[in-house]
Amino acid sequence: MHLEFLRPCEPRDSTITIKPLKVGAAASTLQVQLDQEGKTKVLAIITSTNFDKSIGPSSKTAWKLHPTPAPIPDFDRISAHQPEESWIPGRVVGELIPLTRRKIGLLPREGFPVDGVCDAWHGFLADERMDAAYLALIADSTPSMSDTLLYNGGPYDAHTFHKQMADWAKENPGVPCVITNSIAEAMQATHFNITLTMDIEYKRRLPEDGLRWVFTRASTKMLHGGRMDVDVTICDEDMELVATSQQVILVLGAQKKFRNGKEKSSL
């Protein structure tokens, strides 16, 4: 699935138009367009195959995550609010990204020693489970790689998250740390991100009842001149690969978000 974000979307009524471009036995391709108030906000090309039907060979590879992530958490201890050896729990609540109010996240106790690499586990507070649509949201719900690389204390700086959660865990072992945010705080940020494109590839069909926990590794190869790439690897509870995502992002100074008038075209 390839998405082009042409303009910022808003929480309002939307019109979604789906146009089949090719319907085939092995793969089908759709064009999807999202419009708000008469303006096209998102264009997508989606290629679908049937994971229930084998269409060719399979072979294992030597691929693995590097650096090696912390060991898989003991999810029973997490659910029982008991301290976990390698991971600390937390929640983000507030005015930004309402989805996070229903989620619990785990960050590695050791933090993020490698610049440009952020590991995390994601789950839901209740019995809610993640299907393919949720994975697309999770791929776009990782810590801000620009805030994290710049150590700027922004709303989604992973280092800031980790410090708050680690300090809380010392006094409240096993109990999830609750982190708040607000629009007012976001307006004080030094930078903000604009996602230009996003690609998501599902590697296998998910279980019928979805996934309880997923692991994500967000990694960035380069942030240069306000242009940044983000790769997200998504694995299930057994660290089996289920999806990958790539984004192209502009990292802009906050003054550009609140400027008056239009700038000259980049073409």
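Biologist: Which side chain has a polar atom 3.3 Å from the backbone oxygen of His-66?

Modeller: That side chain belongs to Arg-217; here a polar contact is a pair of N or O atoms within 3.5 Å, where within protein one must be able to donate a hydrogen and the other to accept it, and residues adjacent in sequence count only if both atoms are side-chain atoms. Please keep in mind that this is a predicted model, in which local features need pLDDT of at least 70 and side-chain atom pairs count only at pLDDT 80 or more, while totals for chains, interfaces and linings use all residues. Residues are numbered from 1 along each chain as its sequence is written, and side-chain values use heavy atoms, with hydrogens and water left out.

Biologist: Which side chain does Arg-217 join through a polar contact of 2.7 Å?

Modeller: The partner is the side chain of Asp-119.

Biologist: And where does Arg-217 sit, and is it buried or exposed?

Modeller: Arg-217 is part of strand 10, residues 213–219, where strands (E, at least two residues) and helices (H or I, at least four) are DSSP runs numbered from the N terminus. Its relative accessibility is 5%, so Arg-217 counts as buried, given that buried means under 20% relative accessible area, exposed over 50% and partly exposed in between, with a 1.4 Å probe and protein chains only.

Biologist: What else is in contact with Arg-217, leaving aside its neighbours within four places in sequence?

Modeller: With contact meaning heavy atoms within 4.5 Å, the list includes Leu-65, Pro-67, Val-117, Cys-118, Asp-231 and Thr-233. The C-alpha atom of Arg-217 is also separated by 8.9 Å from that of Trp-121, although the two residues are 96 apart along the chain.

Biologist: Changing topic, which residues touch the most other members of the largest nonpolar core?

Modeller: Those are Leu-107, Leu-135, Val-214 and Ile-234, in a core of 41 residues. Helix 2, residues 132–139, contributes the most to this core, namely five residues. A nonpolar core here is a set of buried Ala, Val, Leu, Ile, Met, Phe, Trp, Tyr and Cys residues joined through side-chain atoms within 4.5 Å.

Biologist: What is in contact with Leu-107 beyond four places in sequence?

Modeller: Among its contacts are Ser-86, Trp-87, Phe-112, Phe-161 and Met-165. Ser-86 is in the loop between helix 1 (75–79) and strand 5 (87–94), and at 15% relative accessibility Ser-86 is buried too.

Biologist: How many aromatic pairs does a search of the whole structure find?

Modeller: The search finds six, where rings of Phe, Tyr and Trp (its six-membered ring) pair if their centres lie within 6.5 Å, and planes under 30 degrees apart count as stacked, over 60 as edge-to-face and the rest as tilted. One of them joins Tyr-156 and Phe-161 edge-to-face, at 5.7 Å centre to centre with 85° between the planes. Phe-161 is buried, with a relative accessible area of 10%.

Biologist: Which residues form one aromatic cluster?

Modeller: That cluster consists of Phe-75, Trp-87, Trp-121, Trp-213 and Phe-215.

Biologist: How far apart are the C-alpha centres of domain 1 and domain 2?

Modeller: They lie 25 Å apart, for domain 1 at 2–49 and domain 2 at 75–256, with bounds that come from an automatic or database domain assignment. Four residues of domain 1 are in contact with five residues of domain 2.
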